[in-house]
Amino acid sequence: MTLPMQTSFTQRSIFERFPFIPALGILAVLLILNGLAEPNSLSFRAITGLTKTYLALMFLAVAQSFVVFSSDIDLSVGAILSLVNVSVVVMIDQLGGGPAAVLFACFAGILVGVLCGIFNGIVVVALRLQPIVATFATGILFTGIALWVLPVAGMPVPQSFWRTYGGRILDIPFVFYVVALLGLLIWLAVRTRFIIQLMAVGDNRLAAYQSGLPVTRIRIMAFAICGLFSAVAALCIIGDTASGDPVVGNAMTLYSVAAVVLGGTALSGGSGSMLGSAIGALIIGLINSFVFFVGVSSEWQNFAQGIAVLLALMAGVLVTRRISK
Amino acid sequence: MKNSTNVVAEIAKTPLVVALGLIVALLVLGELLSPGFASLSQIMRLLIVASILGVVAAGQNLVILGGREGIDLSVGGVVSLSAVVAGNMMQGSDAGIIPAIIACLATGAFFGLLNGLGVTLLRIPPLIMTLGMLGVLQGLLVVVRNGIPSGLAAPGLAHFVTQPLMFGVPGMIWLWGAIGVLMAAMLKRTLFGYRVYAIGSNENAARMAGVPADLIRVCLFMFSGMFAAVAGFCILGYSGSSFSNVGAQYMLSSIIAVVLGGTSLSGGKGGYTGTMAGATLLVLLQSILTTLNIEEAGRQFAFGATLLVLMLFYGRGKALRG
Amino acid sequence: MPRLSLEGVSKRYGATVALRRGDLDLVPGEVHVLMGSNGSGKSTLSKIIAGSVNPDGGLIKYDGSAVTIPSPQAARDLGIAVFYQELSLAAHRSVVENICLSRLGKSRGVFRNRAEMAAMAEPFIAPFQSVLGDGFGLDVPVGRLRADQRQLVEIIKTLAANPDILIFDEPTSALDRAQVDCFMAVLRELKANGKSIIFISHRMDEIFEVGDRVTIIRDGETVSTSALADTTMEAILRTMTGEEASAAATADTAVARVQSKGGPAKLKVANLVAPGVDNVSFDLAAGEIVGFGGLHGQGQSAVLRAIFGVSQFRSGDIEVGTAKLRGKSPRAAIHDGLAYVSGDRARDGVIEGRSILENTVPIYALRKRLFITSPRTLGEKAKAALEKLQTKYQSLAHPINSLSGGNQQKVIVSRWLMAPPQVMLLDDPSKGIDIASKTELFRVLRELASEGMAILLYSSEDAELLEHSDRVLVFNNGRIVRELRGDERTRYHLYQAAYEAA
């Protein structure tokens, strides 16, 4: 008798296999709501604009996912984003602003992000400091460095950069290619052995250690990958805002955590979905635009957005829990 | 003989003692860098600022002690909102003090109750729930800022907070001391305190022993809201009038004060005396950095680095290997 | 030449000496039993071999040459695999992922290969095919499995490492007889293939069934190593405890058993339905100790938890004394006069990190509706309760973690003694505690019963269950299938009833 390889759906519900489905549902609902409030918001142009603005948050949410999977958290992602932002902008400026300079600066920026991530990894894992407060402290540190690199926001970026970001290739907006790339990266990542090990570490760290997994190395790698994706998010921000700002990302940190939760990932680690986190970022974007379109007066907009995000968070947590039961 | 030196070594390692030692060290450092830093009036001023942070940290401490990743990220918003509420109820008159304090406590209790219900009934992780609540509060503050004037503190309040009350020590500091005593009594000598530590250490076992964990946790969040509200009320007395988002800095400062004081973020371990030292330490640190007159970049960097170094001394986790 | 030998291995944690002088030698092709009461140092010894604890002194030799084992990974490299009592599984990962977990890092390749993992795992799952039970599958998240299935996964995971040395620490605690038989067969086959197995267990029958030699550790030192064929259960108990009296309990208590008073019914359960409980009804009289028997997970623990208000849903009528049980929470149950002691004390009983006093007073404080806690007055009462069980502790202010497992459980039971209930629900209370503590515990229970308390007892050890129960209710599939009284209380009848209508 051979053992069942594919178990029936009663034994492992479809929601368990694809934790991002509830997020997809919420996304659909929000798209409909946005469409009802303002039909133009579903136009190709509007969707492109939405993607351009929230692509950075999508990458940031995916970055955060890696760390959350291993039951840590990184509250410095926004600061890493800011640091990479100003580093790249200043580097481009120093190197003359030509296309070669831009490419070099981008790669250097990603390296900066990875280094920040490794630093976080060492602080949290090797030095055994608690992630929430430790990454908050490193975030302040990174912000300090960012302020040193570029004390005042505003240094512009050459046209080649934001023209590419906002432009089209073969008549399809550049950002959609980037989204596709992100999708591909997620698809690949989910199929790696590393992810299984990462989730095992997040599920039960002691058990993973006893099973012989190199827990320290795995957790530090998660932080490093988080730094890498945060750096890519920074590049998106540069494309969108076309300038450097040492504190641009700081407010995004908490949104990245919210996006991860909305996407069906448990903050306690061990289970979740990167695709869900990316969708979660879009959900936040759609919530903000919905509040705007619905005609809430400008002073009440923040409040309405706050309530909406809170409700969405509750929904995300509740649905994820019901699935796990 | 050997036993007594061991005991001394053990005591010396506790977070409270380390914090106190660092406080003394920083005072000396500050005096060296800028004579007059450690003067009595300066120390009083620092203590007033520390006491306001300490009040917020008291609520944060309770929530963190209760375990289950308890944390309150909304305290900053409650502080700011409460300052506005207080100002508007007082309108610069002493007669408004009592109504203002009642209104503030009610505000804090209200948002604390919402946080508590979200965490217990809906089982939303505290990080998420209070984060969302913060967003709501910040939105509310925008509305309030645009619509309602910020109000004015009553002279009586300002006097209480900033001027010496007894033995040359301002009332605010006395209030903080009283809160310290109350917290110690509540945590160590009441059933409520036992239960807080119980649910923070092993909630399941506590429930099996009949501890009403959900009820206690809601209380903890309500306490946090009320403490934050009191702090907002006092800030008004400190600065005379409120400006929007005056409370933003208190969110992470209160958490750090609690951690520096030796309370574990996973709950069930620690106490308020350590937090009081932690708050003082933090305020002292910020003051020194300001004195050094470093530009913003350097200040942030130094602040972050110092935090990391301090956390290295306590607040470290257990190694996986024995 | 022994495959592995430990000479004079020691470990201390601060002032506590966990292991003073541990000696052990393992030859190929044997099942070597390691025995000792809790706190004796045997778990420390096995953890040293497993690589999760670093010894302070002593020598470890593998095939004659000195080695160190600094980490679980190093242990694996030496061909040592460990079954952990607390299980080392990731709940959200699937069965096959858990089994292949340590292989994942080792082998080449970035991407996972489902077929390869399944192929790797199958040969090790095969011996347990017939006892896996419903709901088992390679892709099922381990968290969804029953406790016994999870334990089997942990066993399979240990086997899958293809080690030369295996350490099993209480591997059968959640398994039923059929599963244990499969496991024993696997052990015999490993033995025949020349593997060395360290077997730690409290179950005498298993030890004698499959063990070759036994090493006994007492107070941190290895005191004897002998062939099991040359010794008896009594001799082992004597060596292990260093005492004579307590070990010879079996015969005496059977004689000294006081006939149950057969008083008024203290607990009436009618048509109870709950998770794992399929319409159970019974009565419990004052002064009775009624045992729940049968294979694991057939509803015994579920009934106890349902009565105490810990289960998710419950229907049916429960009466304590003359009052109907209203509330659906432990708190309400406590107010209604119920007490519950769990076998999983780390999860359900011990408030770790807190003082012994804090761990002893919660029930009393609840019942008396205290507000202020005065350590002095409460301390007096707590001390009295702890005394009854002869709990060994330094002071009430010491953290409960400073006590051994047996004493910790005594503290938990004292909790209830401080505010005696009408009915006591014992859910495998002696699981994983040393023999001396078990004896104390049951002595007190008998006393309480003779004073009129009604007691429900579930024990995973048949001998214990049969010895201490006035009558035994045998469970099967969530129902009570038979009641054993008087001379019917034998293992034979127990299992006959347990397998009935199966």
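Q: A residue is buried if 20 or more other C-beta atoms (placed from the backbone) lie within 10 Å of its own, exposed if 12 or fewer, and partly exposed in between; is A:Met274 buried or exposed?
A: This is a predicted model, where local features need pLDDT of at least 70, side-chain atom pairs count only at pLDDT 80 or more, and totals for chains, interfaces and linings use all residues. Residues are numbered from 1 along each chain as its sequence is written, with chains lettered from A and ligands numbered from 1 in the order in which they are written. Around A:Met274 there are 28 other C-beta atoms within 10 Å, so A:Met274 is buried.

Q: Which helix holds A:Met274?
A: Helices (H or I, at least four residues) and strands (E, at least two) are DSSP runs, numbered from the N terminus. In chain A, the run covering residues 274–293 includes A:Met274, and that run is helix H13.

Q: How far apart in space are A:Met274 and A:Ala61?
A: Along the sequence, 213 residues separate A:Met274 from A:Ala61. Beyond four places in sequence, A:Met274 also touches (C-beta atoms within 7 Å) A:Val62, A:Ser65, A:Ile186, A:Ala189 and A:Val190. From C-alpha to C-alpha, A:Met274 and A:Ala61 are apart by 8.0 Å.

Q: Why is A:Thr192 called partly exposed?
A: A:Thr192 sits in the loop between helix H8 (174–190) and helix H9 (193–203) of chain A. Leaving aside neighbours within four places in sequence, its contacts are C:Val110, C:Phe111 and C:Arg112. A:Thr192 is partly exposed because the number of other C-beta atoms within 10 Å is 15.

Q: How many residues of strand S8 of chain C are buried?
A: From S8(C), C:Ser196, C:Ile198 and C:Ile200 point one way, and C:Ile197 and C:Phe199 the other. In a regular strand the side chains alternate between the two faces of the sheet. S8(C) is largely enclosed by the rest of the structure, because the buried count is 5 of the 5 residues.

Q: In S8(C), what is the bridge partner of C:Val31?
A: Two strands pair if DSSP finds at least two bridges between them. Strand S3 (residues 30–35) of chain C runs parallel to S8(C), joined by 5 bridges. Strand S7 (residues 165–169) of chain C also pairs with S8(C) in the parallel sense, over 5 bridges, and C:Ile165 stands opposite C:Ser196. For C:Val31, the partner in S8(C) is C:Ile197.

How values were computed. Two residues are in contact if their C-beta atoms, placed from the backbone, lie within 7 Å.
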